[in-house]
Amino acid sequence: MSRAVTGRSLGLFVCTRCRATVRAIAAAGQRCPRCHSPVHARRPQSLSTTASLVIAAALLYIPANVLPVMRTHTFFSDTDDTIMSGVISLAQSGSWPVAVLVFFASIVVPLLKLVAMGEILIAITRKSVRLPQQRSRLFRVVEFVGRWSMLDVFAMSLLVALVQVQSLATVEVRPAALAFAGVVVLTMLAAQSFDERLLWDSQNRG
Amino acid sequence: MPVIVCHACDLAHRVDKIAPASRVRCVRCRAELYRTGTAGVDTAIALALTGLVLFIIANTYPLVAFKVNGTTRMTTLTGAALGLYDQGYAALAVLVSFTAVLVPLTQILAFLYVLVPVRMGFRAPGQEGLFRILSALRPWGMSEVFVLGAIVALVKLSAQAEVSPHIALVAYGLLMFTLTALASVTPTEQFWQWVSRARQ
């Protein structure tokens, strides 16, 4: 297979903000002439930044799913809800479509992001990335669906504001909600700090 | 002949010229190299103004009402964020207000600030900085996720109490469509074409 003609081989950079192609100059701290963002051949420390964010998110994923995120006080009892028990009670009340939606947004998507990013990072550290096409596609899916995990945080914020009938029923946030929001934010930052070109570099070298 | 380097796989492409109303993908990794629209600056400004009006409605009127034992409770978006703050979860309150309120508003205002001068044929000072802010904020604007979250909350409560969506939720739903449309008529390449035309 012939060598791919890449920006690197031609001495060209692409601005990751505005996607202008710019001629690489020797000066450090080069900026894009169009939008003035810093441009680099590859984003500096992309791999280590992404890896640390993914690891931190993976650690938070455990309390976020095991511990209760919400507590409902009523006249008769206190009920603690984890993310999963929230999904189950939605399903039991007959709202199947909403239960499925929350299940995907809050449980499947964060897990998918962690597993996919972990797999991609390990593949890159092994130096030769096979199937870059498929891994690129996987990364783009992760990048696209990431924000939907905020769904439960928004739902919770409204429940807390609405259900405040003193002595009858109140809803209270529990600390695991912070861990859950942390997973969402950290995995989004991980996807943003990842330089997709790293998936193609072993191929680019030919 | 100009060259476009793919931002996702670094492959270099020879390009005759940037074609209007087209979407060009990388031949190797299928990433979008650029996209230009058929809509003009006027459409983008109209959408941004529509968004601004909807945003004001969505943030001043109540989103949902909750009726129990003859008393009705309503909440606005700010009320939802304040509820989190009052329970000691300032970080969550900041996250909710940032993604559902602050980012959409910044996007609308920044587009207006750059595009209205472009329409009148001059360039707004600091537009490069604003573009960088806009592009960094794109993934963090979550109006559509918020609308779905509100629906989830309504469904959860409807099992125990009488709940009803209010005017602000409708406005928020429309805002989500307006912002999606605004994003789709202002792809990066199109944005810079407008801006560079105004510079001449």
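**Domains, sheet and interface**

Mentor: In this predicted model, 4 residues of domain 1 of chain B are in contact with 4 residues of domain 2 of chain B. On the domain 1 side of this contact, the residues divide by class into 2 nonpolar, 1 polar and 1 charged. The assignment places domain 1 of chain B at 1–36 and domain 2 at 39–199, and the C-alpha centres of these two domains of chain B are 31 Å apart.

Chain B also holds an open sheet of 3 strands, ordered β6-β5-β7 with antiparallel pairing. β6 (71–75) and β7 (162–165) of chain B are the edge strands; each has a single partner strand, so one side of each lacks a neighbour in the sheet. On average, neighbouring strands are turned by 20° against each other, direction ignored. Strand β5 (residues 64–68) of chain B is joined to β6(B) by 5 bridges, and the two run antiparallel. Within this pairing, Lys67(B) has Thr72(B) in β6(B) as its bridge partner.

Between the chains, 53 residues of chain A are in contact with 49 residues of chain B. α6(A) provides the largest share of the side of chain A that touches chain B, namely 10 residues. By class, that side of chain A comprises 31 nonpolar, 14 polar and 8 charged residues.

Definitions and conventions. Residues are numbered from 1 along each chain as its sequence is written. Chains are lettered from A and ligands numbered from 1 in the order in which they are written. This is a predicted model: local features need pLDDT of at least 70, side-chain atom pairs count only at pLDDT 80 or more; totals for chains, interfaces and linings use all residues. Two residues are in contact if their C-beta atoms, placed from the backbone, lie within 7 Å. Helices (H or I, at least four residues) and strands (E, at least two) are DSSP runs, numbered from the N terminus. Ala, Val, Leu, Ile, Met, Phe, Trp, Tyr, Cys and Pro count as nonpolar, Asp, Glu, Lys and Arg as charged, and the others, Gly among them, as polar. Domain bounds come from an automatic or database domain assignment. Two strands pair if DSSP finds at least two bridges between them. Axes are lines fitted to C-alpha atoms, for helices over the stretch in contact, and angles run from 0 to 180 degrees between N-to-C directions.
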